[in-house]
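Work through the exercises below with the sequence and the structure in view. Try each task before reading its solution.

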Amino acid sequence: MTNKIYMAVGAVAGFLFLVFAGVDFSAGDTDAGQNDIIYAIIGFAASGLLFYLDRRQKQRGAGARGR
């Protein structure tokens, strides 16, 4: 799979974990809510890292073609 698919999956997973955290906090289960927030941060961070790496790869490719 390409990086774009992994970026989308990371973003969707992060969003879903935020929703799960909201549900857990509203139900009074703060430990599970905190874990869900950590998982959401990991999902968003992975998605952001892949976005950065994808942009960097495109810039390097454009720079190599311009030489």
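## Exercise 1: Charged side chains

At 10% relative accessibility, D54 counts as buried, because the limit for buried is under 20%. The model in which this value is computed is a predicted one.

Task: Find which side chains form salt bridges with D54, and say how K4, D54 and K58 are joined.

Solution. 

Step 1. Start with the general idea. Side chains of opposite charge can pair when their charged atoms come close. The cut-off for a salt bridge is a nitrogen of Lys or Arg within 4 Å of a carboxyl oxygen of Asp or Glu.

Step 2. Search the whole structure; two salt bridges are found.

Step 3. Take K4 and D54. Their side chains meet in a salt bridge at 3.8 Å, N to O. This pair links distant parts of the chain, since K4 is in helix α1 and D54 is in helix α2, 50 residues apart. K4 is partly exposed, with a relative accessible area of 47%.

Step 4. Take K58 and D54. The closest N and O atoms of this salt bridge are 3.7 Å apart. K58 and D54 are four residues apart in helix α2, so about one helical turn separates them. K58 counts as partly exposed at 42% relative accessibility.

Step 5. The salt bridges share partners, and K4, D54 and K58 form one network.

## Exercise 2: Aromatic rings

Task: List the aromatic pairs of the structure, and state how the planes of each pair are arranged.

Solution. 

Step 1. A search of the whole structure gives two aromatic pairs.

Step 2. In the pair of F17 and F20, the ring centres are 6.0 Å apart and the planes are at 85°. The pair is edge-to-face because planes over 60 degrees apart are given that name.

Step 3. Locate F17 and F20. Both are in helix α1, three residues apart, which is about one turn of the helix. F17 is partly exposed at 25% relative accessibility, and F20 is partly exposed at 41%.

Step 4. In the pair of F17 and Y39, the centres are 5.4 Å apart and the planes are at 55°, which makes the pair tilted. Here distant parts of the chain are linked: F17 belongs to helix α1 and Y39 to helix α2, 22 residues apart. Y39 counts as partly exposed, with 42% relative accessibility.

Step 5. F17, F20 and Y39 form one aromatic cluster.

## Exercise 3: The whole chain

Task: Decide whether the chain is more spread out or less spread out than a compact globule.

Solution. 

Step 1. Describe the secondary structure: the chain has two helices and zero strands.

Step 2. Apply the globule rule. The rule gives 11 Å for 67 residues, and the radius of gyration is 17 Å, well over that value, so the chain is more spread out than a compact globule.

Step 3. Look at the extent. Along its principal axes, the C-alpha trace spans about 60 × 15 × 15 Å.

Step 4. Look at burial and surface. Of the 67 residues, 16% are buried. The accessible surface comes to about 5000 Å², and 66% of it belongs to carbon and sulfur atoms.

Step 5. Look at the contacts. Among contacts with a separation of 6 or more, 58% are between residues 24 or more positions apart.

Step 6. Check one pair of positions. D31 and R56 are 25 residues apart in sequence, and their C-alpha atoms are 38 Å apart in space. D31 is found in helix α2 and is exposed, with a relative accessible area of 55%.

Note on methods. Residues are numbered from 1 along each chain as its sequence is written. This is a predicted model: local features need pLDDT of at least 70, side-chain atom pairs count only at pLDDT 80 or more; totals for chains, interfaces and linings use all residues. Side-chain values use heavy atoms; hydrogens and water are left out. Rings of Phe, Tyr and Trp (its six-membered ring) pair if their centres lie within 6.5 Å; planes under 30 degrees apart count as stacked, over 60 as edge-to-face and the rest as tilted. Buried means under 20% relative accessible area, exposed over 50%, partly exposed in between (1.4 Å probe, protein chains only). The radius of gyration is taken over C-alpha atoms; the globule rule is 2.2 Å times the number of residues to the power 0.38. Contact means heavy atoms within 4.5 Å. Accessible areas come from the Shrake-Rupley method with a 1.4 Å probe; for residues, only the protein chains shown count as cover.
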